[in-house]
Amino acid sequence: MAVTDPAVGASAPDFRTRLQHWIPKIVLSPSLAMIFVFVYGFIAFTVYLSFTDSRMLPSFGWVGWENYSKLWRLSHWEISLINMAIFAGLYIVVCTAIGLMLAIFLDQKIRGEGVLRPLYLYPMALSFIVTGTAWKWFLDPGIGLENVMHTWGWTSFSFDWIKNRDFAIYTVVLAAVWQTSGFVMAMFLAGLRGIDNEILKAAQMDGASNWNLYRRIIIPQLRPAFLSAFVILAHLAIKTFDLVIALTGGGPGRATELPATFMYSYTFTRNQMGIGAASAVIMLMTIAAIMIPYLYAELREKK
Amino acid sequence: MAVASSDTAIRTGRIARTFIYLVLLLFALFYMLPLYVMLINSVKPLSEITGGGMMNLPDIWTLEPWRKAWSEAQIGVQPTGLKPYFWNSIQMVVPAVAISTILGALNGYVLTKWRFKGDTILFGLMLFACFIPFQIVLIPMARVLGVLGLAGSTWGLVLVHLVYGIGFTTLYFRNYYAVFPTELVRAAQIDGAGFFQIFWRILLPSSGPIAVVSVIWQFTNIWNDFLFGASFAAGDGAPMTVALNNLVQSSTGVKEYNVHFAGAILAATPTLLVYIVAGRYFVRGLMAGSVKG
C-alpha cells in the first residue's frame, strides 16, 4: 500500500528524489500540527484543568476528583443531564421517524418532488440563532400562535409551553426537529433510491403487500442510513447550544439547561472553571463513546 | 448517493396517494411557516404586530424595519445596526473557507495518492476532531488567542474555524480522490512529474464538484457558528450571529419584533442564497460526512 519511492533513480537516490519522498509529509504536517495542538493538546489541557482549583482563570493547584464530585452533586448539572436525555431521545426518534416517513412518501413518484425537497431541506441552511428567534416568537403565548387562535375565535386555545417549566424543553425539541428532519429525509431518500427494484418486483409477483415490502425488504436495507442518521443526530444533540440560547436562554428558570449551556455559564459567567472543564470532559466522553466505534468501523472497511 | 436516480417500484392506490400528498403538503407548510411569519412581520409597523394577527398580511407595508436592522439598531455601544457585523462575518468566512479548502485538498491528495504507514490513523484523528464538543477546547483557546493577541479579532476567529474545519474538508477531498485512478498519478510520476505538478495538472482540474461541496459546507458552518463567536469575539469584532442574538435579547426599550425579524432574515440571507444557488451540492456535502463516497 505504501508507494513512497518513485520509479526513477532507485539505486542511488539523489537529493531531488529524497525531497519528493518527503514532500507529501511536509504538506500534511501543518494541518496535523494544528490538529495535534488545537484539538488533542487542548483536550489534554482541559482534562488537566478539570483536576485543578481553577476559578475565574486557569490555576494549577491539584484537587484530584473534587470538581467531578462537586459536579455530580449539583442539581443544575442533574437538570441539564435529564434535559439532555429528554431532548436527545425525542430529537433522535422524532427526526428519524419524520425523515423516514417523508422519504418513503417522496419516493412514490410524487409530482412536484423537485419543489418539495428543497422546502423540507432549507432550514438546515439556517443558523440556530435564526431558528431560535423565529420559534421563540411563534410560540410566545402573548403574540404568537396562541394569540392567533384567540383572534380566530378559538378563545379556549392555550399553548404556553415555552413559558412553562414542565414543557419548555419540548419546544426546544420542536425547533430542533424543524431544523434537521429534512436533512434526515435526504439521507433516507438517498438510501431508498439505491435499493434494487428487481427484488421488489419479484416480491410483488409473489403477492407481497406494500406494508410487507417496506417492513421486510426495504427498511432492513436502510440500515446504513439509520446508523448515519443516529450518529449525526446524537452528536448534534450533545453539541446543542445556540438553539437553547436563542429560544429560551436556558429558562424559564433552569428548565431548558443542557450540558453545553451549563459548561458555558459555569466557565465564563460563574467563574467555576474547574467544574466547567469537568463538565466538558464528560461531554467529550459521551461523544467519543458514540463516534469512536463508528469511525473505527468506517475506516476499517475501506481497507 | 445521487438523490435523483430511479423511483421505487412500489405502486400505490388512489386513496393512499391522496393521503401521501396531504401529508407531504402539511409538512411543507410546517417547514415554511416560520419563514413566512418572519418575512410577513418584518414588513409591518410594530403596532400591527403587538396588536396581534401574526399570520395576517400587513395593512401598511414598510421597509423601515429592514433599514433599522441594517444600519440603525442598537447592538454594541453605538447604534450601528447589523451592517458592521455582517462585514465582520464576511471577513471571517472568506479566508477561513479558502484556506481550509486548499489545505483539505492537499491533505486529501497526500492521504490517497502518497500513502504511508499510519496514514489511516492520522486521518482518523483528524476526523474525530470534527465531532468533538467544542466546549472541550474553549478554555485553552481563549488563552491562546489572548497570548497571540488575537482575542476579540476577526483573524482569531479565522484561525479557530480553520483549525476545526480542516477535518471535514480533508474528509471530502480524501473520499473524492480515493476513487480517482491512481494509475494516472503513477504514469505522471514515471514521466518525471513532481508532487505539486501532479496535483496541479492532474487532480485539481477534476476537483470542481468536491471543491463546491467543501466551500458550501464550510461557508454555512462558519457563517452560522455562534459558540466561537460568542466566546472569542463578543465586542465590535463579533460575527453576525452574535450580533443578531444581542439585538434580539437586548432588554432595553421596546421589543421591536419587526426589526428582529428583518435582522434574522439578513443573517440567514447569505446561507439561504448559497443554498438556493447550489442546494443540490449542499445535500451531497452534508451527506459526504456520513455516507461513504
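The following dialogue examines a predicted model through questions and answers.

Visitor: How many helices and strands does chain B have?
Guide: In this predicted model, the pattern of chain B along the sequence reads α-α-α-α-α-α-α-α-α-α-α-α-α. The C-alpha atoms of chain B fill a box of roughly 75 × 65 × 30 Å along the principal axes. The count for chain B is 13 helices and 0 strands.

Visitor: What percentage of the residues in chain B is buried?
Guide: A residue is called buried when its relative accessible area is under 20%. Chain B has 293 residues. The buried share of chain B is 57%.

Visitor: How many of the residues of helix α12 of chain B are buried?
Guide: Helix α12 of chain B spans residues 240-249 and is mostly covered. Its buried residues are B:Met240, B:Thr241, B:Val242, B:Ala243, B:Leu244, B:Asn245, B:Leu247 and B:Val248.

Visitor: How many disulfides does the structure hold over all chains?
Guide: A disulfide is a covalent bond between the sulfur atoms of two cysteines. In the model, a pair of cysteine sulfur atoms must lie within 2.5 Å to be counted. Over all chains, the number of disulfides is 0.

Visitor: Is A:Cys95 buried or exposed?
Guide: The limit for a buried residue is a relative accessible area under 20%. A:Cys95 has a relative accessible area of 0%, and B:Cys130 counts as buried at 2%. A:Cys95 is therefore buried.

Visitor: Which residues of the lining are the closest to the centre of the largest cavity?
Guide: The structure holds 4 cavities of 30 Å³ or more, and about 930 Å³ of space lies in the largest cavity. The lining of this largest cavity comprises 40 residues. The closest to its centre are A:Leu236, A:Lys239, B:Phe134, B:Trp217 and B:Asn221.

Visitor: Which helices of chain A each supply at least two residues of the lining of the largest cavity?
Guide: The lining draws on helices of chain A together with helices of chain B. From chain B, α5 (119-131), α7 (154-178), α10 (208-224), α11 (227-232) and α13 (257-288) each supply at least two residues. From chain A, the helices are α7 (168-193) and α10 (223-239).

Visitor: What is the phi of A:Lys109?
Guide: Most residues other than glycine have a negative phi. A:Lys109 is found in the loop between α3 (75-106) and α4 (113-121) of chain A, and its relative accessible area of 44% makes it partly exposed. Its phi is positive, near 45°.

Visitor: Where is A:Asn271, which has a positive phi although it is not a glycine?
Guide: The phi of A:Asn271 is about 55°. A:Asn271 is partly exposed, with a relative accessible area of 28%. Its place is in the loop between α12 (259-269) and α13 (273-301) of chain A.

Visitor: How many residues apart are the salt bridge partners A:Asp107 and A:Arg193?
Guide: The closest N and O atoms of A:Asp107 and A:Arg193 are 2.7 Å apart. A:Asp107 is buried at 1% relative accessibility, and A:Arg193 is buried at 6%. The pair links distant parts of the chain, with A:Asp107 in the loop between α3 and α4 and A:Arg193 in helix α7, 86 residues apart.

Visitor: Why are A:Glu113 and A:Arg117 separated by about one helical turn?
Guide: An α-helix has 3.6 residues a turn, so residues three or four places apart point the same way. The closest N and O atoms in the salt bridge of A:Glu113 with A:Arg117 are 3.0 Å apart. The two are separated by about one helical turn because in helix α4 of chain A they are apart by 4 residues.

Visitor: What is the N to O distance in the salt bridge of B:Glu256 and B:Lys68?
Guide: B:Glu256 lies in the loop between α12 and α13 of chain B, and B:Lys68 in helix α3 (residues 64-71), 188 residues apart. B:Glu256 is partly exposed at 26%, as is B:Lys68 at 24% relative accessibility. The N to O distance is 2.6 Å.

Methods. Residues are numbered from 1 along each chain as its sequence is written. Chains are lettered from A and ligands numbered from 1 in the order in which they are written. This is a predicted model: local features need pLDDT of at least 70, side-chain atom pairs count only at pLDDT 80 or more; totals for chains, interfaces and linings use all residues. Side-chain values use heavy atoms; hydrogens and water are left out. Buried means under 20% relative accessible area, exposed over 50%, partly exposed in between (1.4 Å probe, protein chains only). On a 1 Å grid over the protein atoms alone, a cavity is a set of points where a 1.4 Å probe fits but cannot get out, and a pocket is an open set with protein on both sides within 12 Å along at least five of seven lines; lining residues have an atom within 4 Å of a point. Grid points are joined across faces, edges and corners, and a volume is the space filled by probe spheres set on the points. A salt bridge is a side-chain nitrogen of Lys or Arg within 4 Å of a carboxyl oxygen of Asp or Glu.
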